[in-house]
Amino acid sequence: MTGGINRRTLLRGIGMSALAVPAVGLVSACGGSSDPAATLKKGRQQGVLKVGIANEPPYTKVLADGTVTGVEPDVLRAVLKKIGIPKIEGVITPYDQMIPGLQAGRWDVVAAGLFMKKSRCSQVLYSEPTIVSTESFGVRKGNPKKLSTVKSAKDSGAKIAALAGGFESGALKAANFPAAQIIMVRDSRSGIEAVKSGRADGFFLPTLSLNDLVKSEPTIQVTSAIADVPKTGAGDAFRKSDKELHDTYNKALDAMKKTPEFGEILKKWGFNAKDVEGVTTAQLCQTEG
Ligand code: 6CS
């Protein structure tokens, strides 16, 4: 891992030999530009784009040597290569900082499984969806509160941990979940610890993320997919001022989706390309929250 900047650590992308550079100064101060092709040109000239990630496998995963992987960075890297930008450089950040950091120019794209919903879609240009996935609760073995849906959790008075500013905390608010029953946490480790300690009865997170977390947590189990949560889907998020990059990327993504390469990347991380077929950004951006 190279470099480290406050909460965000600058990481090498696959094959990156570039030195770590400050996470500021690579783009204009506000990150935006009057030229809709500015970031596309910058990426092609410098051969790299910075990407906001979370390090929440299998959506995003940072290896011990700093290599940035996970389904979203792997799709992003494959598509950017096709439009003349061979490398990415990851910056770890919480989900609620991803759009502000994009708009401030700390990175040029978000590829983290930042699920589409109205409030986010109004602030960025999302590509078409790259993944569709489900949500679950991480609960203590035996699921003592018999959690299965948001409604069952609400009615049973269960305390639910969720990432501050994450999709799940928005879904709880949209379901009028009592604030007194929500335990806001900063990261996945804290969410798991809240359940283990009994402070929370469930940790609300994507099913695949929980499945990865519980590999090292024998006292925690993952519920089936929660039926009363909107479908979650993500694409790559670009600044509204980067229309040329967004449109060029989208076209290349659409072409790649028609090749085995797309399905192979998703399958490697436990996703199914068939789940994305026919799902659009317009549909996912209707989600409240
Ligand atoms: O979009 C979000 O906010 C959620 N996405 C993922 C992949 N994990 C948790 C996070 O809250």
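**Figure 1. α9 (243–257), α10 (260–268) and α11 (273–276) each contribute at least two residues to the lining of the second largest pocket.** The model is predicted, so local features are reported only at pLDDT of at least 70 and side-chain atom pairs only at pLDDT 80 or more, whereas totals for chains, interfaces and linings use all residues. Residues are numbered from 1 along each chain as its sequence is written, and side-chain values use heavy atoms, with hydrogens and water left out. Helices (H or I, at least four residues) and strands (E, at least two) are DSSP runs, numbered from the N terminus. A pocket is an open set of points on a 1 Å grid over the protein atoms alone, with protein on both sides within 12 Å along at least five of seven lines; lining residues have an atom within 4 Å of a point. The second largest pocket holds about 250 Å³ of space, a volume being the space filled by probe spheres set on grid points that are joined across faces, edges and corners. Its lining comprises 15 residues, of which Asp-254, Lys-257, Phe-262, Val-276 and Glu-277 are the closest to its centre. α9 provides the largest share of this lining, with four residues. By class, seven lining residues are nonpolar, four polar and four charged; Ala, Val, Leu, Ile, Met, Phe, Trp, Tyr, Cys and Pro count as nonpolar, Asp, Glu, Lys and Arg as charged, and the others, Gly among them, as polar.

**Figure 2. The largest pocket has a volume of about 320 Å³.** Among its 16 lining residues, Ala-54, Thr-93, Pro-94, Arg-186 and Asp-187 are the closest to the centre. At least two residues of the lining come from each of α3 (95–103) and α7 (188–197). The lining divides into seven nonpolar, three polar and six charged residues.

Figure 3. Rolling a probe the size of a water molecule over the atoms shows where empty space is left. A cavity is a set of grid points where a 1.4 Å probe fits but cannot get out, and one cavity of 30 Å³ or more is counted by this rule. Of the 14 residues lining the largest cavity, those closest to its centre are Tyr-95, Gly-113, Phe-115, Glu-168 and Pro-206. α6 and β12 each supply at least two residues of that lining. Nine of the lining residues are nonpolar, two are polar and three are charged.

**Figure 4. The ligand sits in the largest cavity.** The elements giving two or more residues to the shell around the ligand are α6 (167–174) and β12 (202–206). In total 14 residues surround the ligand, each with a heavy atom within 4 Å of it; the closest are Glu-56, Phe-115, Arg-120, Phe-167 and Glu-168. The shell contains nine nonpolar, two polar and three charged residues.

Figure 5. An oxygen atom of the ligand lies 2.8 Å from a backbone N or O atom of Phe-115. A side-chain N or O atom of Arg-120 is 2.8 Å from an oxygen atom of the ligand. The protein covers 100% of the 300 Å² of accessible area that the ligand has on its own, as computed by the Shrake-Rupley method with a 1.4 Å probe.

**Figure 6. The peptide bond from Pro-57 to Pro-58 is cis, with omega near 5°.** Pro-58 belongs to the loop between β2 (48–53) and β3 (61–62).

**Figure 7. Asn-143 has a positive phi of about 45°, although it is not a glycine.** Asn-143 is placed in the loop between β9 (135–140) and α5 (150–155).

Terms used: A polar contact is a pair of N or O atoms within 3.5 Å; within protein, one must be able to donate a hydrogen and the other to accept it, and residues adjacent in sequence count only if both atoms are side-chain atoms. A molecule sits in a cavity or pocket if more than half of its atoms lie within 2 Å of its grid points.
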